[in-house]
Amino acid sequence: MSYIKKIITITEKERIYQKYIKNIIFERKANISGGCIHLYSDSEEWEDQWDDNWFFIDENMRSHAKLFSIESGSDAKGTPTVYYDPLSRTAFFKNNSYYGWLKSVALALMGDVFEDNHNIFSAHAALLNVNNNGVCIIGPSGTGKTTLSYGLLTKKNAKIIADDWFYFKFINGTVQGYRSEKNTYIRADLSQSWKEYSNIMKYAKTDNKGRAIVNLSKVVGKEKITDHADINKLIILRREKGKPVEERIRLDQALRLLVKNDYYNPHILQRNKWKDSVRKKAYEELLKRTEVLLLNTIETPEESLGRIMDFCSE
């Protein structure tokens with residue numbers, strides 16, 4: 001199950017705002033890669049997770065975007081729906097029972113601001129520095145993105161920038177990816193694949209979806225976390241029987257795959273002809289600066305991880 005996204009006018013935004021503003025009991029601003037997002041909520045249920053998730057920002061800072069979480073929480077009823085007004089950069093997320101979606105909408109909302117005004121683009125993907133290579137791991141849900149990212153992090157010459165979402169921009173002929181979250185939102189069952197994470201949940205409280213915000217530096221050490229990397233390796237994951245385990249693919253092949261699958265990002269708030277062209281151009285430029293591996297994760301996590309390590313050592 002996912003949530004519905006609807007574009008609304010600024011007039012509709014004002015009507016919804018007036019309807020729900022009197023019920024707001026919790027407000028907080030957050031720093032997302034230098035952008036300021038303002039959360040309003042009629043529930044305090046996710047207050048601690050929100051504060052743990054993001055970097056601090058002065059509450060006096062003017063916000064770039066506003067996100068209202070209304071009639072939401074673990075016991076929310078009805079169809080989860082985001083109503084988004086691009087003109088005022090205001091989103092209302094109604095009937096949401098999952099913190100992970102709230103987090104993703106916040107990232108997508110800030111990504112929309114960055115994309116339009118700063119030539120900074122979103123990747124719903126993991127980013128690590130492995131053997132001095134900036135390695136992006138992207139693909140559909142269920143193909144092992146999180147499992148393989150944290151597997152890589154157990155290696156000696158690996159650091160993590162982001163496990164789920166990062167922003168990237170082009171500087172002096174390179175493409176740089178940037179950390180978006182202070183702490184990570186991870187699955188409690190991570191240790192089933194990698195025993196190194198057997199104690200990870202002692203630092204956090206698991207929510208109703210078996211996930212928790214975790215201060216990863218307490219688990220792996222601050223030296224395993226970094227803020228940015230120059231991206232030169234891109235791994236696209238799939239899980240399909242009968243397909244090759246790994247393939248080196250050309251720029252045009254990779255771009256078609258990314259475009260066809262909407263860049264593996266179900267949280268994009270706006271889709272129109274102009275936005276599509278901007279994103280396609282950005283990813284084409286990204287691919288020009290990277291080597292691409294199409295990896296079929298039908299093997300064990302250990303075997304897939306070995307293939308990634310070989311790719312990162314080239």
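Strand 5 and strand 6 pair in the antiparallel sense, with five bridges between them. They form a hairpin with four residues between the two strands. The model is predicted.

**The hairpin**
- In the turn, R89 has a positive phi of about 55 degrees.
- Y84 stands opposite A91 in strand 6.
- Strand 5 is largely enclosed by the rest of the structure, because four of its five residues are buried.

- Strand 1 and strand 5 run parallel and are joined by four bridges. The bridge partner of I4 in strand 5 is T81.
- Strand 3 and strand 4 also run parallel, joined by five bridges. Here L39 has L67 of strand 4 as its bridge partner.
- In a regular strand, side chains alternate between the two faces of the sheet.

**Helices on the sheet**

**Nonpolar cores**
- Which residues touch the most other members of the largest nonpolar core? They are I37, W50 and L67, in a core of 33 residues.
- Several elements each supply at least two residues of this core: strand 2 (26-32), strand 3 (35-41), strand 4 (65-70), strand 5 (81-85), strand 6 (90-94) and helix 3 (99-117).
- Helix 3 gives the largest share of this core, eleven residues.
- A second, separate core has 30 residues, including A212, V220, L295 and L305.
- L67 can be followed in more detail. Leaving aside neighbours within four places in sequence, L67 is in contact with I37, H38, L39, Y40, A91, F93, L102, V105, A106 and L109.

**The cavity**
- How many cavities of 30 Å³ or more does a search of the whole structure find? The search finds one.
- The largest cavity has a volume of about 180 Å³.
- Its lining holds 18 residues, and E115, S122, N265, I268 and R279 lie nearest the centre of the cavity.
- Helix 3, strand 7 (121-123) and helix 7 (273-288) are the elements that give two or more residues to this lining.
- Helix 3 provides the largest share of the cavity lining, four residues.

**The pocket**
- The largest pocket holds about 620 Å³ of space.
- The pocket is lined by 26 residues. Of these, H124, S141, K145, D164 and R211 lie nearest the pocket centre.
- Helix 3, helix 4 (145-153) and strand 13 (184-187) each supply at least two residues of the pocket lining.
- Which element gives the largest share of the lining of the largest pocket? Helix 3 does, with four residues.
- Helix 4 is mostly covered, with nine of its nine residues buried. The buried residues of helix 4 are K145, T146, T147, L148, S149, Y150, G151, L152 and L153.

**F311 in helix 8**
- F311 is found in helix 8 (residues 301-312).
- Is F311 buried or exposed? F311 is buried, because its relative accessible area is 1% and the cut-off for buried is under 20%.
- Leaving aside neighbours within four places in sequence, F311 is in contact with K233, L234, I235, R248, E291, V292 and L293.
- One of these contacts, V292, is 19 residues from F311 along the chain. The C-alpha atoms of F311 and V292 are separated by 9.4 Å.

How values were computed: Residues numbered from 1 in each chain as written. Predicted model: local features only at pLDDT ≥ 70, side-chain atom pairs only at ≥ 80, totals over all residues. Heavy atoms only, no water. Core = buried A, V, L, I, M, F, W, Y, C linked by side-chain atoms within 4.5 Å. Buried < 20%, exposed > 50% of the residue type's maximum accessible area, 1.4 Å probe, protein only. Contact = heavy atoms within 4.5 Å. Pairing = 2+ DSSP bridges. 1 Å grid on protein atoms, 1.4 Å probe; cavity = no way out; pocket = protein on both sides within 12 Å on 5 of 7 lines; lining within 4 Å. Points joined across faces, edges and corners; volume = space filled by probe spheres on them.
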